Every structure is written in C-alpha cells, then in structure tokens.
Amino acid sequence: MAHQVRAVVAREKGSPVSLETIVVPDPGPGEALVRIQACGVCHTDLHYREGGINDDFPFLLGHEAAGVVESVGEGVTDVAPGDFVVLNWRAVCGQCRACLRGRPWYCFNTHNAKQKMTLLDGTELSPALGIGAFAEKTLVAAGQCTKVDPSVSPAVAGLLGCGVMAGIGAAINTGNVGRGDSVAVIGCGGVGDAAIAGSRLAGAAKIIAVDIDPRKLETAKKLGATHTVNSKETDPVEAVRELTGGFGADVVIEAVGRPETYKQAFYARDLAGTVVLVGVPTPEMKLELPLLDVFGRGGALKSSWYGDCLPSRDFPMLIDLHLQGRLDLDTFVTETIALDEVEKAFERMHHGDVLRSVVVL
Ligand SMILES: NC(=O)c1ccc[n+]([C@@H]2O[C@H](COP(=O)([O-])OP(=O)(O)OC[C@H]3O[C@@H](n4cnc5c(N)ncnc54)[C@H](O)[C@@H]3O)[C@@H](O)[C@H]2O)c1
Ligand SMILES: [Zn+2]
Ligand SMILES: [Zn+2]
C-alpha cells in the first residue's frame, strides 16, 4: 500500500517551493518508512532549490529530521516500528574500500531507499541527500535511521541529522580539537555555531567567533565563544593572531564556503595548525594561495563532510550529552514553523535572521 502525504517540493530551479501531495511506497527490503516529527531548514536545501547541487528536479527537500519508524521492510533488524530515530545521510555500506580500511565515515557507497517517492502523476522525486523529510512521511534505507533517547525534543534531535553534526564533527572529528586548544570559527550560522559548541565540549581554552553579522556573534557567545570578531569592521586574521599571542589559532574552522574566508582561515592559523573547511563552495569558486605558504606553514588543510561523523556512534552520544545539560542544542532552534512556511524560512535564512527554522509536524 502506498501512502499519500503532504510534502515540500522544489519543482524547478530558482522557483519557490510548493506544498504537494506525494506518494510514498511501503518499505521494501532494507527500507524503513518514517513518520516525520520535525525537520530543520538547512542552507543545503536552498542550494538544491537554486540548482547548486545538481539538476535532478523535482526535489523533495528537507534532511535534518527526527521521527518515529512506522514500518520496516524485509530483513530489517536494527530498527522496528515505534523507534524514535534521527535520520542520517551516511548509512555506511561496510564493504567499500573506506569501510574495509576501518574508516566508515568516509564510506563511498552509502545507502538510500531503492524505491522512489513520486508526485501524484508518477514523476519521480529526488529526495535531498537521500532523505526528503519536509514531508509527513518519508522512505529511507533502514541504516539511515539512528535510534536515540526518545525523551529529547524532536525539533532538537533532528538538527543532528545535518548542520549541527557537521559543525560539531568539524571541530571534534576532523579538526581533532582537544583540551587547551585555541580555535577560531569563521562564519557563525548553524554550522559554525555547532563547531563552537563542539570546541567547548572538547575542552578548547580559547574559542574565537568571526562573523560579519553582530547578531550571530551574540549567539556564538552563548554557545561557547570566548572572544568575537566582527570581520566587517576588523581584519579577522590580525584579530585572531592578536588574541592568540601573535601566532594564530591551533584550529581554524571555515563555515562559510568562500575563497576569501578560506584564505582568512589559512592565515589565521598557527604554524603547523589545522584548517577545516566545512562550508560548501559553489562550482565556479577558485582559490589562489602562494604554494610556498602552503608548504612553509605546515600543518593540515582538511575538509569535513558531515563532520566526519558516524551516526550510530555520534548521534546517541550527543543526544545523551544534551540531555545531561552538557551540550546546548536548544539555542539552535530559533523558531518552529509549519510545513507550508519553508519558503519564508529560506528568506529569513538568507537575511541571517535565524540559526535554524525547524518544521514541526
Ligand atoms: N560540510 C558539510 O557536511 C555541511 C553540512 C551542512 C551545511 N554545510 C555548509 O556550511 C555552510 C554554513 O551553513 P549554515 O547552515 O551555518 O549557513 P548560515 O547561512 O546559517 O550561516 C552562514 C554564516 O556565515 C556568515 N558569513 C557570511 N559571509 C561571511 C564572511 N565573508 N565572513 C564571515 N562570516 C560570513 C553569515 O553571517 C552567517 O552567520 C554552508 O555553506 C552550508 O552549505 C556543510
Ligand atoms: Zn562503505
Ligand atoms: Zn544540511
């Protein structure tokens, strides 16, 4: 039996999203049908709508979600109907060369549902990041469902599904931020602020938040920034060096995704320090750096996909830390909205008014 549910669809490049009735099949082998309770609005959804990811329109948007498993297909044993889960876009295969080398967070063959969700006329939908959760129900691979403590609020839990995990993981997993480190974070939206929260959790001694919007710097302080730099008014490289004894930070996290902010990150880091690029650039962007500086300054230049997370390891742990009061996730939820308000939320995001708008169903 297929299910007809309401969902947010991007039909064509650059056009406003629309609320549509879609058809969601019953789960087949290895799949799970999830009743969505909450789904955050991520910048990547907007990238999809603008054709910045690929041209596989129509997209079923939404990918930062939590909900309850409604039914599972044949052979599914890890989750069962009634389980409270956070959806992930890294259901690792266990068999590719990365998985076999014991580095499943780099898995090159992650699982999504095999069956397609469609519009009423049968047009196949492309779910954002293989999830598509601005919908009353969605179909995913069972491995995309990560069970977490059900006492957490769904609006908060869903955030781990993408941006907040990407930020925390950029600091903790990719950047290896540790006790006593100095960290600078360039771009303090949902992802950058999560990198700040992650750095605090990891014991960083100095956390410098850099943004061009003073409102963002205020929230960054709340989440753990010890110092703030408004890079519209002050040269951020100079400022970070000044705040770190003239040297630069041990780890600099770029959470904007632009060449100029990447350069700032590159030069705001101490010799032998680490740069982590978690912001997503667009295809036309180019970076020019003196190769001698790349060589001479040593250290590591890394990028972070989804915070190099392993959902089964990281989601339950972070939810537990949150429930113990050790990780503020509530601050990320600026507002909760209805399914038909996603377009408005894009606008607010564009104007920098929110960390996260979260659709609650
Ligand atoms: N790597 C991943 O797995 C992953 C996952 C999710 C999102 N992302 C990417 O991370 C980036 C940030 O996402 P977000 O949801 O936090 O977006 P956002 O729009 O909420 O935040 C961006 C922030 O950068 C600031 N900013 C813009 N230009 C700046 C500049 N020149 N200098 C300093 N700050 C500047 C803005 O004021 C804002 O606070 C996006 O590129 C997004 O696509 C990456
Ligand atoms: Zn794999
Ligand atoms: Zn996202």
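Predicted model: local features only at pLDDT ≥ 70, side-chain atom pairs only at ≥ 80, totals over all residues.
1. Helices (H or I, at least four residues) and strands (E, at least two) are DSSP runs, numbered from the N terminus.

2. Residues are numbered from 1 along each chain as its sequence is written, and chains are lettered from A and ligands numbered from 1 in the order in which they are written.

3. The protein chain is assigned two domains: domain 1 (2–161 + 328–360) and domain 2 (167–305). Such bounds come from an automatic or database domain assignment.

4. The C-alpha centres of domain 1 and domain 2 are 28 Å apart. Seven residues of domain 1 and eleven residues of domain 2 take part in the contact, where two residues are in contact if their C-beta atoms, placed from the backbone, lie within 7 Å. On the domain 1 side, the residues that touch domain 2 are two nonpolar, three polar and two charged.

5. On the chain as a whole: it has eleven helices and 18 strands. A compact globule of 361 residues would have a radius of gyration near 21 Å, and the 20 Å of the protein chain agrees with this. That radius is taken over C-alpha atoms, and the globule rule is 2.2 Å times the number of residues to the power 0.38. Along the principal axes, the C-alpha atoms fill a box of roughly 65 × 40 × 40 Å. Of contacts between residues at least 6 apart in sequence, 71% join residues at least 24 apart.

6. Buried residues make up 51% of the 361 residues. A residue is buried if 20 or more other C-beta atoms lie within 10 Å of its own, exposed if 12 or fewer, and partly exposed in between, with C-beta atoms placed from the backbone.

7. The largest nonpolar core has 116 residues, and Val185, Ala195 and Ile253 touch the most other members. Such a core is a set of buried Ala, Val, Leu, Ile, Met, Phe, Trp, Tyr and Cys residues joined through C-beta atoms within 7 Å. H4 gives the most to this core, with seven residues. Both domain 1 and domain 2 give residues to the core, so it lies between them. Leaving out residues up to four places away in sequence, valine 185 touches Gly192, Ala195, Ile196, Ala209, Val210, Ile253 and Ala255.

8. Helix H8 (residues 259–267) has the buried residues Thr261, Tyr262, Gln264, Ala265 and Phe266. These pack against E11, helix H7 (236–243), strand E14 (249–254) and E15. Glutamate 260 is also found in helix H8, but is exposed, with 12 other C-beta atoms within 10 Å.

9. Threonine 274 lies in strand E15 (residues 269–277) and counts as buried, with 22 C-beta neighbours inside 10 Å. From threonine 274 to leucine 301 is 27 residues in sequence and 5.9 Å in space, C-alpha to C-alpha.

10. Phenylalanine 57 and proline 58 are joined by a cis peptide bond, with omega about -5°; proline 58 lies in the loop between helix H1 (43–49) and strand E4 (59–60). Leucine 129 is not a glycine, yet has a positive phi of about 50°; this residue is buried, with 26 other C-beta atoms within 10 Å. Asparagine 176 also has a positive phi, near 55°, and lies in the loop between helix H4 (163–174) and strand E11 (182–186). Asparagine 176 counts as partly exposed, with 15 C-beta neighbours inside 10 Å.

Terms used. Nonpolar A, V, L, I, M, F, W, Y, C, P; charged D, E, K, R; others polar.
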